[in-house]
Amino acid sequence: MKLATCPYCGKKVPYFRAFVIKSKCDYVCSSCKRESKISVSQKLKKVFLAALLISLLIIIINMIFQSTDNITLVALSFLPMVLFYLLIPFYIKLKPYLKYRDVVCERLKTLEQTKKQERAQRRAANKRKSR
Ligand SMILES: [Zn+2]
């Protein structure tokens with residue numbers, strides 16, 4: 001398991017920083033000050049489901065054996081979810097923002113071009129009408 005690293009300079013994102021940024025969209029590197037896009041690995045869903053299943057299993061086992069020591073078992077059933085929560089920073093990924101911006105720029109350019117073409121076509125159509 002590895003913590004996310006800056007896609008530009010390769011600096012590791014500190015664990016607690018990763019924890020804080022997990023719900024945000026952008027990450028600004030502390031060493032090179034460049035922005036990257038935050039995404040969460042698809043594997044995290046599987047880890048979540050595994051944790052949920054283990055929790056349920058503990059609850060079911062508790063129900064079957066009708067344990068009197070409920071507090072320990074309740075705590076135990078929460079443990080997989082706590083572990084899952086603590087593992088989140090390891091499933092955060094950073095992608096360089098530049099590429100993303102380039103894509104947006106290209107789309108805007110093509111949009112402008114099509115608009116220009118449309119305008120040219122309209123002008124041509126107007127000329128034909130005026131004749
Ligand atoms: Zn960096």
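Student: How many bridges join strand 1 to strand 2?
Tutor: This is a predicted model, where local features need pLDDT of at least 70, side-chain atom pairs count only at pLDDT 80 or more, and totals for chains, interfaces and linings use all residues. Residues are numbered from 1 along each chain as its sequence is written. Strands (E, at least two residues) and helices (H or I, at least four) are DSSP runs numbered from the N terminus, and two strands pair if DSSP finds at least two bridges between them. Strand 2 covers residues 35-40 and runs antiparallel to strand 1, and the bridges joining them number three.

Student: Which residue in strand 2 is the bridge partner of Y27?
Tutor: Strand 1 spans 26-28. The partner of Y27 across the bridge, in strand 2, is S36.

Student: Which strands are the edge strands of the open sheet?
Tutor: The sheet has three strands with antiparallel pairing, in the order 1-2-3. Pairing on one side only marks strand 1 (26-28) and strand 3 (92-96).

Student: Is K33 buried or exposed?
Tutor: K33 lies in the loop between strand 1 and strand 2, and has a positive phi of about 65° although it is not a glycine. Most residues other than glycine have a negative phi. A residue is buried with 20 or more other C-beta atoms (placed from the backbone) within 10 Å of its own, exposed with 12 or fewer, and partly exposed in between. K33 has 9 other C-beta atoms within 10 Å, so it is exposed.

Student: What distance separates the C-alpha atoms of Q66 and C6?
Tutor: Q66 sits in the loop between helix 2 (43-65) and helix 3 (70-87). Q66 is exposed, because 7 other C-beta atoms lie within 10 Å. Q66 and C6 are 60 residues apart along the chain, and their C-alpha atoms are separated by 50 Å.
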